[in-house]
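Colleague: I'd like to learn how to read a model like this one feature by feature. Could you take me through it?

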Amino acid sequence: MARGATLAMLWALSSLAAAQSSGVVYRCPGPPDLYTDALTPEEAKQRGCRTIEGAPITVMRSTPPRPQASAPAPTPAPAARPEGSRVDPAEQRARDSERRAILQAELQREEQRLAELKREYNDGQPERRGDERNYARYLERVAGMKAAIERKESDIAAIKRELDKLPN
């Protein structure tokens, strides 16, 4: 199979070299686009191909195929963890409790911030500020506040899901 690929590559290189010397390369539409010099002008016209004259052509080589061994290599079985890489159950419990404490503290902060946002939002009727003489600005700020509340609620829900995943 490697010999066939090599012959095909040599043929392509020789045809591209001939195209470069004649300067006529056709680009034919279709999935995928075809660049060729092997068509006559009549065939190219029938297919709707355009000529690319004098355009530089770049040939990229593929990686050479690896020589195959006579017998396929056996797929390695999933390796068991080395004895030293196991986490001590007490250490894992300590990590889990530390993670739980961090998540609970974060949850508490987010819930406090949500309460502040809701108090400021005032059920969709926050107090107008002096720089909001234009009612559209006020509405933009109210919409931003509502979006911030929704984000905080989704953040809180995500933290609660993470806490639920932890072992008790």
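Modeller: We'll go through the overall layout, the disulfide, the helix packing, the core and a loop.

Modeller: First, some ground rules: this is a predicted model, local features need pLDDT of at least 70, side-chain atom pairs count only at pLDDT 80 or more, and totals for chains, interfaces and linings use all residues. Residues are numbered from 1 along each chain as its sequence is written, and side-chain values use heavy atoms, with hydrogens and water left out.

Colleague: Okay, how many helices and strands does the chain have?

Modeller: Helices (H or I, at least four residues) and strands (E, at least two) are DSSP runs, numbered from the N terminus. Here there are four helices and three strands, and along the sequence they follow the pattern α-β-β-α-β-α-α.

Colleague: And what percentage of the residues is buried?

Modeller: Buried means under 20% relative accessible area, exposed over 50%, and partly exposed in between, with a 1.4 Å probe and protein chains only. Of the 168 residues in the chain, 18% are buried.

Colleague: Let's do the disulfide. Which residues does the disulfide join?

Modeller: A disulfide is a pair of cysteine sulfur atoms within 2.5 Å. Searching the whole structure turns up one. It joins Cys28 to Cys49, with 1.9 Å from S to S. Cys28 sits in strand 1 (residues 24-28) and Cys49 in the loop between helix 2 (41-47) and strand 3 (50-53), so the link ties together parts that are 21 residues apart in sequence.

Colleague: Is the link right-handed or left-handed, and are the two cysteines buried or exposed?

Modeller: The link of Cys28 and Cys49 is right-handed, with 105 degrees about the S-S bond. Both Cys28 and Cys49 are buried.

Colleague: Next, helix packing. At what angle do helix 3 and helix 4 pack?

Modeller: Two packed helices are described by the angle between their axes and the distance between the axes. The axes are lines fitted to C-alpha atoms, for helices over the stretch in contact, and angles run from 0 to 180 degrees between N-to-C directions. Helix 3 (residues 89-121) and helix 4 (residues 135-165) pack at about 160 degrees, with axes 9 Å apart. That makes helix 3 roughly antiparallel to helix 4. The scheme counts angles under 35 degrees as roughly parallel, over 145 as roughly antiparallel, 65 to 115 as roughly perpendicular and the rest as oblique.

Colleague: Which hand does the crossing of helix 3 and helix 4 have?

Modeller: A crossing is left-handed if the near helix is turned anticlockwise from the far one by less than a right angle, and right-handed if clockwise. Helix 3 passes helix 4 in a left-handed crossing. By class, their contact has 12 nonpolar, one polar and 14 charged residues. For those classes, Ala, Val, Leu, Ile, Met, Phe, Trp, Tyr, Cys and Pro count as nonpolar, Asp, Glu, Lys and Arg as charged, and the others, Gly among them, as polar.

Colleague: Can we zoom in on a pair? How many residues lie between Leu114 and Lys152 in sequence terms, and what separates their C-alpha atoms?

Modeller: They are 38 residues apart along the chain, and their C-alpha atoms are separated by 6.1 Å. Leu114 is in helix 3 and is buried, with a relative accessible area of 12%. Lys152 belongs to helix 4 and is also buried, at 18%.

Colleague: What about the core? Which residues have the most contacts inside the largest one?

Modeller: In soluble globular proteins, nonpolar side chains tend to be buried together. A nonpolar core here is a set of buried Ala, Val, Leu, Ile, Met, Phe, Trp, Tyr and Cys residues joined through side-chain atoms within 4.5 Å. The largest has 14 residues, and those with the most contacts inside it are Leu103, Leu107, Tyr121, Ile149, Ile159 and Leu163. Helix 3 and helix 4 each supply at least two residues of this core, and the largest share, eight residues, comes from helix 4. Tyr121 lies in helix 3 and is buried, with a relative accessible area of 17%.
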